[in-house]
Amino acid sequence: MSLLQVKNVSKHFGSLVAVSGVSMTVEPGELRAVIGPNGAGKTTFFNLITGFFRPTSGNIIFNGEDITGLLPARRVWRGIARTFQITEVFPELTVHENLRIPVEVASGFRLQPWLSRENDAKIRARVGELLEMGGLTDKAARLVGELAHGDQRSTEIMMAIALNPRLLLLDEPTAGMGEQETFVIIQLIRRLHKDNKLTIVLIEHDMRVVFHLADRIMVLDQGKFLAEGTPQEIAKNEAVQTAYLGKAA
Amino acid sequence: MGERLSDVVNRTAPRLMDKRTGDILIWLLLLSAPFWLPAAGSYVELGTRVVVFALAATALNFLLGYTGVLSFGHAAYFGLGAYGTALTIKFLVASTPVGMLVGVVVGAIAAAIIGLMIIRLRGVYFAMCTIAFGQVFYFIAFQWFSLTNGDDGVSAWHRMPLDLGFTTIDILNSSNAFYYFVLAVFAACVAAMAFLLRSPFGRTLQAIRENERRARFLGIPVDAHIWMSWVISCFFVSVAGTLFALMNNFVDPRAMRWDQSGTFVIMTVLGGMRSFWGPLIGSAIYLVLQDYISSHTENWMSFIGAFFVLIVLFFPRGVLGLIGRKAVS
């Protein structure tokens with residue numbers, strides 16, 4: 001069974017059509033990239049999947065269940081985690097606390113007024129694991145707001161991982177990063193995909209990142225579906241080249 | 001613009017004390033207040049007042065400083081606690097604990113219901129609605145003459161000595177005994193709040209304060225958690241209200257008015273809303289200044305106002321922001 005089926009979704013903001021009749025099917029274990037020129041509706045498409053907006057029409061099926069009308073928190077409980085185009089973290093809390101909060105939520109402790117010693121130890125161990133995986137161990141006690149952009153980005157990705165998601169959505173994970181930082185993030189995503197068998201959908205502008213990582217690519221243009229295929233197929237696709245480079249190409 | 005003055009002080013002043021030393025010092029000062037207050041030319045009743053308002057401001061700060069939600073209507077629940085206590089002791093049962101229990105239950109239930117109506121609002125819209133609901137209670141207390149005696153307030157009753165079965169504590173006639181009674185209630189409430197803030201639930205509140213969108217997309221049902229924080233905060237402000245009525249042996253509608261809510265906010269911001277003890281310090285500064293200045297001029301509020309403006313401009317983290325910035329963690 002497919003993990004995620006987006007069926008013919010549209011989103012209108014007044015007379016503006018941000019997403020128009022787009023469908024997408026993601027299989028378990030797949031790494032899918034969504035690309036397209038500026039204003040193609042990529043982020044809006046993400047927002048429909050994660051419940052930031054409700055689609056004007058169409059359905060979203062996750063793991064066989066229709067989640068079209070669910071609130072964001074309930075989608076998270078079913079296993080959909082995301083990061084944002086502009087980093088969203090808890091700036092005045094430490095890296096450790098930033099990771100601890102999603103670990104506790106994922107463990108079902110969000111309403112607990114206390115933790116047993118045993119559970120506290122489990123949570124700390126899990127946070128330690130995540131810090132290690134994200135290369136953040138030596139920065140655990142720092143406030144996230146004081147970290148470099150790349151480390152904030154890694155923290156945000158690890159916060160999403162802390163939820164034990166079945167599907168991870170990354171909105172431009174390498175936006176605004178230098179060469180070295182981009183490389184670190186690519187390595188991290190590759191490990192999550194290959195070692196942890198995590199299903200990932202990502203939006204990305206950096207084509208090197210996309211062609212390095214993605215199993216399949218979907219292209220959006222002006223809110224509409226343009227093409228889908230393997231990186232090789234997309235590279236050769238004339239419609240895609242036209243959309244990116246203009247008619248003259 | 002350059003650096004903020006507070007940043008410069010933060011950087012240059014050595015950390016005066018670590019957190020544990022600070023806690024111990026504060027409790028020692030509070031426990032010994034009846035001994036040193038008279039020596040310092042003051043009186044123990046001022047200490048009692050500081051502790052009562054410190055509880056109200058700390059309760060407000062649970063919502064403001066640790067959840068990031070501003071209420072300008074906490075006086076409503078403070079006043080409900082006060083009226084509940086006064087009316088119970090006057091008309092129903094002449095018992096201090098029963099009066100307090102009724103006051104707190106009434107305040108907390110009102111907060112739970114009103115919370116449901118306003119919890120989807122944010123920022124200034126939320127604050128405006130808390131004022132509006134607060135004023136509703138003020139006008140009810142003002143107009144319902146047959147029960148509340150309107151503007152003249154509920155008088156001709158007094159707090160009752162505590163009967164513990166084997167012994168009786170005379171909190172009515174002994175100022176010191178009443179101070180320690182208030183301090184014990186304060187300690188229990190403050191400990192409960194500190195405990196909650198260190199729990200997984202408390203961390204979800206700080207997550208909401210830091211970044212509501214991120215919190216929502218980490219699976220925290222934000223509205224429900226803000227509602228819980230609101231009810232907890234109003235519960236403890238009701239407890240402060242019951243103590244306020246007991247302290248004065250009297251309550252009138254001003255305990256519920258919007259400017260009373262404003263006083264709680266000023267105390268909290270003055271002391272530092274990111275510090276757990278900030279509201280206590282703010283309450284002490286506010287009330288000591290009021291006590292001192294009001295004996296010289298009736299325009300004491302202009303002086304406190306000017307002091308408040310200076311603090312907000314130069315030390316946005318409040319007086320305690322000078323000492324250390326690490327909050328409960």
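## Helix packing in chain A

A crossing of two helices is right-handed if the near helix is turned clockwise from the far one by less than a right angle, and left-handed if the turn is anticlockwise. In this predicted model, the crossing of α3(A) and α5(A) is right-handed. Two packed helices are described by the angle between their axes and the distance between the axes. For α3(A) and α5(A), the angle is about 20° and the axes are 8 Å apart. Angles under 35 degrees count as roughly parallel, and α3(A) is therefore roughly parallel to α5(A). On the α3(A) side, the contact is made by Val95(A), Asn98(A), Leu99(A), Pro102(A), Val103(A) and Ala106(A). Helix α5(A) contributes Thr155(A), Met158(A), Met159(A) and Ala162(A). By class, the residues of this contact are eight nonpolar and two polar, with no charged residue.

Helix α5 of chain A, residues 149-162, also packs against helix α6 of chain A, residues 179-194. Here the angle is about 15° and the axes lie 10 Å apart; α5(A) and α6(A) are therefore roughly parallel to each other. The crossing in which α5(A) passes α6(A) is right-handed. From α5(A), the residues involved are Gly150(A), Arg153(A), Ser154(A), Ile157(A) and Ile161(A). They meet Glu181(A), Val184(A), Ile185(A), Leu188(A) and Leu192(A) of α6(A). The contact of α5(A) with α6(A) comprises six nonpolar, two polar and two charged residues.

## Helix α1 of chain A

Helix α1 of chain A spans residues 42-50 and is mostly covered, with eight of its nine residues buried. The buried residues are Lys42(A), Thr44(A), Phe45(A), Phe46(A), Asn47(A), Leu48(A), Ile49(A) and Thr50(A). After α1(A) comes Gly51(A), which has a positive phi near 90°.

## Contact between the chains

Chain A gives 27 residues to the contact and chain B gives 19. On the side of chain A that touches chain B, α2 (72-78) and α3 (95-106) each supply at least two residues. The largest share of that side, six residues, comes from α3(A). By class, the side of chain A that touches chain B has 18 nonpolar, two polar and seven charged residues.

## The largest nonpolar core

The largest nonpolar core contains 162 residues. Those with the most contacts inside this core are Leu55(B), Ala56(B), Phe236(B) and Ala240(B). Helix α12 of chain B, residues 222-248, provides the largest share of the core, 15 residues. Apart from neighbours within four places in sequence, Ala56(B) is in contact with Phe78(B), Val237(B), Ala240(B) and Phe264(B).

Val104(B) lies in helix α6 of chain B, residues 96-118. A residue is buried if 20 or more other C-beta atoms lie within 10 Å of its own; Val104(B) has 24 such neighbours and therefore counts as buried. Leaving aside neighbours within four places in sequence, Val104(B) is in contact with Gly81(B), Phe235(B), Ser238(B), Val239(B) and Thr242(B). The C-alpha atoms of Val104(B) and Ala207(B) are separated by 28 Å, and these residues are 103 residues apart along the chain.

Ile26(B) is located in helix α2 of chain B, residues 19-31. With 14 other C-beta atoms within 10 Å, Ile26(B) is partly exposed. Ile26(B) and Ser233(B) are 207 residues apart along the chain, and their C-alpha atoms are separated by 22 Å.

Conventions. Residues are numbered from 1 along each chain as its sequence is written. Chains are lettered from A and ligands numbered from 1 in the order in which they are written. This is a predicted model: local features need pLDDT of at least 70, side-chain atom pairs count only at pLDDT 80 or more; totals for chains, interfaces and linings use all residues. A nonpolar core is a set of buried Ala, Val, Leu, Ile, Met, Phe, Trp, Tyr and Cys residues joined through C-beta atoms within 7 Å. A residue is buried if 20 or more other C-beta atoms lie within 10 Å of its own, exposed if 12 or fewer, and partly exposed in between; C-beta atoms are placed from the backbone. Helices (H or I, at least four residues) and strands (E, at least two) are DSSP runs, numbered from the N terminus. Two residues are in contact if their C-beta atoms, placed from the backbone, lie within 7 Å. Axes are lines fitted to C-alpha atoms, for helices over the stretch in contact, and angles run from 0 to 180 degrees between N-to-C directions. Angles under 35 degrees count as roughly parallel, over 145 as roughly antiparallel, 65 to 115 as roughly perpendicular and the rest as oblique. Ala, Val, Leu, Ile, Met, Phe, Trp, Tyr, Cys and Pro count as nonpolar, Asp, Glu, Lys and Arg as charged, and the others, Gly among them, as polar.
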